[in-house]
Every structure is written in structure tokens, then in C-alpha cells.
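The sequence and structure are shown first, and the description follows.

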Amino acid sequence: MPNRLAAAHSPYLLQHAHNPVDWYPWGEEALEKAKRENKLILVSIGYAACHWCHVMERECFEDEEVAALMNQYFVNIKVDREERPDIDKVYMDAVMLMTRRGGWPLNAIALPDGRPIYGGTYFPKHHWTGVLQQVAQTWIQDPDRAETYAKELLSAIETLDIIDPTQPKGQIQRGEFEALMDSWVEEMDPEWGGRNVEANKFPLPQNNLLLLRAAYYLQDQRLLFLAENTLEKMAFGGIFDQIGGGFARYSVDPHWKVPHFEKMLYDNGQLLSLYAEAYRQQPRRLYQEVITRTVDFVARELTSPEGAFYASLDADSEGEEGRFYVWSFQEVQTLLGEDYRNFCDYYNILPGGNWEGRNIPFVLETEEEFAARWQLDETTFIASMEEGRKILREARERRVRPGLDHKILTSWNGLMIKGLLDAYQALGTDRYLQMAQRAATFFMHHMTDGQRLFRSFQGEGKIAAFLDDYGHMVEAFLALYQVTFEERWLEQAEKWQGYVDTHFYDGEVGLYTYTSDEEPTFVKRKIERQDDVIPSSNAVTAHNLFILSKLTGKSVYGLRSEEVLHAMKGDILVSPSWHAKWMQLVLQKIFPFYEVAVVGERALEYLSEIHEAYYPHKITVGTRDASTLPLLKDKQPSETTIYVCEGYSCRLPVNKVEDAVRQLLNG
């Protein structure tokens, strides 16, 4: 018989709808039951694409004996961390404090009011049953001990969000920034790119974006090499789906070869932005291929009928991690016939397999380099590789597909819309702009009441949005205005930012809380400061405020952005590589930032040419006729004209793009 999760929309919750565990979704019914019956709460948190979540479900939650124990002593709550990151953050902090390690599945035991007292990640059955019995008996026999520990742990959780008042505040100067980048170099892997780690290497797009920009402004070839080497090695590795396009979440080895096969929307959106910027700085065919094949993957496998984007693809199919993506040598040989040899040589597909007896396609050089090394005709070889990928992709489609998490998440869609817009600026492919506009239109119609946003969509907008939802969607809409010059996108972004300033800002700390003051919480509202695989919501918000100040001319946005950034100086100085998005904003403060205004009939045409030049520290505004925006007001020349301005002080207007680019690049 199904449990209460059968009525849920989340694919992750639905995966557990037929467990014998008496699961509840997070909500008043479960919390009231725990208080009424004075029962401990067991909160189990994961997400649909999580491999170890599936393993623990099979070993524990599908087991009648384990379920009986859980049902007897606990009110059991299942949480999709992607729907409710606010809940996940509280219990993740608790588990990190208790065990010094985190991850998913995340399993926490809490008092009837939700305060945690025990937690961990994956538990095998014998360990899990022991934990359940021990904690349940403690609650029955010595509830005061549990109460005391809950108070201490909650205090420690809330302390995590307090900025040390003795830490330095204010603007980071150029010398300090350069010293931080020097320390960054020490942490990088000079051979394979990315962080210098032994395993579990993550793409971290914001880190590499910072390296590209810092290399450009500081004229530092070390930083440029580290960024380009990372981008190349990721594009060569198995973490990039060589057959179907798109990136997996991370690799389990330091060489980007063996992916953890789940594919997340947030990675692919950010990596589109990263490779697009790299292409604009140095237009390599490799970067173009990554962009093209990633967008094709998203369009084919992660796009909803309405034009918005789904959350993720599972790592597992047919109960086996990676089964959908790996190949036997014989399979490839049969599919490709006489053309198999070059394909297998290029993609390192071996008779005995290159991973656990099967093959993960990966490469060690570009197609051009391989063709030159083996004295093959380059055009013919590239075409044959494309045809081989197409044949394997079509064969793969006949396999049992990994599970699709069809949630539409606001924050992750914001990242993908921004990625598509950056790809459009880099390559000029109209389809990318159309995909971005279609998704943005969906959010305007289905995910907002005009002032507020919702977090997720599964037939309807659900759950009040969090700071990252506003941050990434505002960022996307600001970018959409700068690509189209349609002021409706800017107006909506400013409305959402106004709601954030009213309901998320904590004046005492000088930062934004993750949840709004309209939403109940059993702990002090949390503040997200550190960048990770997704940049911190405060860093994104600080960027948005800075860009809004430039687009609208309203100094209040710029002052708030500075206030937020200055509060973070101590954190950035202590751990710069965990504050990449923040440091991008620091870089914008150190080096000139320009406002580019384009007015006239050919404004959009000129804009696309302006974007061909690499100068990341700029915003663009424009109109074909008239506008009330400060940079455009009273500018109605007879022919299309470009104004390059700094702090709203404009140089002489020009009528040729090359003259405007010269003004940008020569300062």
C-alpha cells in the first residue's frame, strides 16, 4: 500500500511512496503529530538523482523489519533537498557539526519540535537499526539529556551564521587581491586542472570563471593556463558525456575520467556560461563544441513542453550506476562496422574495457590534434567522429533511460537561462536566445505573482522562493534585458529585487537571509555566505545589486552591494577559493567597469558585434527609439550611436563598433 508520499509531486518523494515506512512529507501534519505524541522526528533528506539515496532505500527503507522500528519510535519525514533547501541547510549544519562530514542521503533525528540531536549520511542496515534503537531508548529513558544536547547543538548551528566582529571589513585592495590569487594557484592541479585533490573532482565553474577574468585583468599567464587547462581536461574527460553532450556532477578520480553519472541542470547552466566566456576570450573549436553539444543535450533531455528546464537525470538505470552511459568494445564495433577503429582509438574504447570491464568514452586530445598525429584528413575525420557519436547516441536511446527528475526549480532555471544567453553572445545562435526567452516567459506566467517567486513547479507553482531563487532569476532577467534591450525584463528583475530587499535583508548583519521574514522557521534564519558548486545566494545578490545600480542609475543599489561585499572581507581573506563569486565582484571594483549605451535603428545589430570583443566588466543598455533609462534619456541621434561611459561619465560618442571597442579596451 502506498504511504502519504503518494500524493507528493516531487519525484524523489514518489520514489519512496511504496516503502513500508510511514513517511510524511515535511509539513504541519507531521510536526503536529510529533508534538502531540511526544515522538522523535526522523528527517531523511535526499534528491532523485542521488545514487546512495537509492542504495539506502533498498537496504533500509524497503525492509519490513527496519520500517517497523522506524514507525514504532519516530515520526518519519522525507524531504527533497532540492525543493526544501532551507530544511536541508539546518540539518546539514547539524550533521557537519556532529560528524565533520556531510552528503546525501542525510538522516537526522530531532526532538518533537524539530531541533536535531543526532545525524549522519548513508547507513547500512545493521548500523541503522542500532542507531534507531539507541536514540529511541535515550529519549525514553533520559529525555533531559536529549533536551540539553539539542539546546547546545542549536546554539552551535546558529553561531555558524555569525560573522566574527573582529574580522576586517571594507574594500579588498588590488595588492590583497593579487595575494589571494597567488594562494589560489597553490591549490590547483597544474597537470589535470581543477583543485589538487586525489578524488571527487568537481567542475566549480565560478572558480574557473574567476581565473579567466583575473588572468585577463592582471595579465597573469599562470592563471590563464590554469583556467584553460581545466576547461580542456574537463572537455576531454568522461565527466563530459562524449556521446550525448552535457556534464556529469563530478568525477570520482582526479583525471575527470570516471564520472558520478548523475547530470544536474545547475552544473550545465554554469558550465555553458564558463565555456562561452572562454570562447569569447579565445575562440577555440573545442569550446564551441562543448557549448553546442551541451545545449543540444539540454534541449533534448531536460526541456519541458512549456520550455522550462527539468532538474536532473539519475546516475542509475536498471539498478546500476552508469549503465546507460558505458559501452563494450564489441558493441561499438558492431554499431560502427568498418569505421570502428579510429573511433575506438580516439575515444579510448578498449577490448577489455577502460573502467570495470566496460568503456567510458574519453579523449586525450582534440580531433584536429589526433588527425594531425595520425596523418588523417581533418575534415573527414571530424565528420566520421560526429557520425559515430550520432550512431551510438541513437543506440543508447533504445536502452532503459536513467530516471528524470521533472521538477522545475527556479534557481537552477535562472542559471540555465543565463548560460543560454552567454552561449548566444558567444556563438550568435538564435536558438539559444529563443530557448532562454521561452523559459523566462514561462516563469513570468507560472512562477510569480508579479512581486514574489515560487521555488518549484510541478503542475503549479509551489513553495515560497528562497534567496537563491531570486538571485539567479534576477541575474538571468538582467542578462536578458542586456541581450534584447526589452525593458520588461529589467522592470521585473527590479520588482523581485525590491521584494528581496524588503523581506530578506538583515540589517544587523549587513547580509541577506536565505528565507524571507514571511516564512516560519524553528531556528534563526540562516545566512548563506560561502560559494560551492553553486555560488552563494548572497554573492549573487550582491552582483545583482551592482548591475542594477549601473542599469538604472540608482545609487541605493550600489551602496547596498558595497555594504554586503564589505561585510564579507574577513571571510574572503581567510578562504578565497571558497568565495569565487565574491571575488569576481571584488575584481569589478578594482578594475574599470563600463556602461555601454547603444541608440538607434541598428542598436541590436551593433550590440551583437560589441559582444564579440572580450571585455567582461561592462553592462549594455540600448534602444531603437526612446527610453527613460538614465543612460538613454535624451539620446536620439540620427544614426546608430554608441556611448562608452564609466560611472555615467561618457566618452565622445562613436558610430562604428570598432571605435567603441577601442575605447573599451584602451580605457
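Axes are lines fitted to C-alpha atoms, for helices over the stretch in contact, and angles run from 0 to 180 degrees between N-to-C directions. Helices (H or I, at least four residues) and strands (E, at least two) are DSSP runs, numbered from the N terminus. The model is predicted: local features need pLDDT of at least 70 and side-chain atom pairs count only at pLDDT 80 or more, while totals for chains, interfaces and linings use all residues. Residues are numbered from 1 along each chain as its sequence is written, and side-chain values use heavy atoms, with hydrogens and water left out.

**Helix pairs**

Two packed helices are described by the angle between their axes and the distance between the axes.

| Helix pair | Angle between axes | Axis distance |
|---|---|---|
| Helix 8 (residues 174-186) and helix 10 | roughly 45 degrees | within 11 Å |
| Helix 9 and helix 11 (residues 265-281) | about 20 degrees | 9 Å |
| Helix 13 (residues 329-336) and helix 16 (residues 378-396) | about 115 degrees | 10 Å |

Angles under 35 degrees count as roughly parallel, over 145 as roughly antiparallel, 65 to 115 as roughly perpendicular and the rest as oblique. Helix 13 is therefore roughly perpendicular to helix 16, helix 9 is roughly parallel to helix 11, and helix 8 and helix 10 are oblique to each other.

Handedness is a separate property: a crossing is left-handed if the near helix is turned anticlockwise from the far one by less than a right angle, and right-handed if clockwise. The crossing of helix 8 and helix 10 is left-handed, and so is that of helix 9 and helix 11. Helix 13 passes helix 16 in a right-handed crossing.

The residues that touch can also be listed, where contact means heavy atoms within 4.5 Å. For the class counts, Ala, Val, Leu, Ile, Met, Phe, Trp, Tyr, Cys and Pro count as nonpolar, Asp, Glu, Lys and Arg as charged, and the others, Gly among them, as polar.

Helix 8 uses Met181, Asp182 and Val185 to meet Arg222, Leu223 and Leu226 of helix 10. This contact of helix 8 with helix 10 holds four nonpolar, no polar and two charged residues.

On the helix 9 side of its contact with helix 11 are Pro205, Gln206, Asn208, Leu209, Leu212, Arg213 and Tyr216, and they meet Gln270, Leu271, Ser273, Leu274, Glu277, Ala278 and Gln281. By class, the contact of helix 9 with helix 11 has seven nonpolar, five polar and two charged residues.

Val332, Leu335 and Leu336 of helix 13 meet Gly388, Ile391, Leu392 and Ala395 of helix 16. Here, in the contact of helix 13 with helix 16, six residues are nonpolar, one is polar and none is charged.

**Sheets**

Two strands pair if DSSP finds at least two bridges between them. Five strands form an open sheet in the order 1-3-2-4-5, with mixed pairing. Strand 1 (23-25) and strand 5 (116-120) stand at the edges, each with a single partner strand, so one side of each has no neighbour in the sheet. From one strand to the next, the twist averages 25 degrees.

Within this sheet, strand 2 (residues 40-46) and strand 3 (residues 74-80) pair in the parallel sense over seven bridges. The bridge partner of Ile41 in strand 3 is Val75. Helix 2 (residues 28-37) packs on the sheet, touching strand 1, strand 2 and strand 3, and its direction makes about 155 degrees with that of strand 3. Helix 5 (residues 85-99) also packs on the sheet, touching strand 2, strand 3, strand 4 (106-110) and strand 5, and its direction makes about 80 degrees with that of strand 5.

Another open sheet has three strands in the order 8-9-12, with antiparallel pairing. Strand 8 (263-264) and strand 12 (404-405) are at its edges, each with a single partner strand, so one side of each is left without a neighbour in the sheet. Strand 8 pairs with strand 9 (residues 312-313) over two bridges, and Lys263 stands opposite Leu313 in strand 9.

**Disulfides and backbone**

A disulfide is a pair of cysteine sulfur atoms within 2.5 Å. A search of the whole structure finds two disulfides; one of them joins Cys50 to Cys53, S to S 2.3 Å.

Most residues other than glycine have a negative phi, and most peptide bonds are trans. The peptide bond from Trp104 to Pro105 is cis, with omega near 5 degrees, and Pro105 lies in the loop between helix 5 and strand 4. Gln219, in the loop between helix 9 (205-218) and helix 10 (221-236), has a positive phi near 55 degrees.
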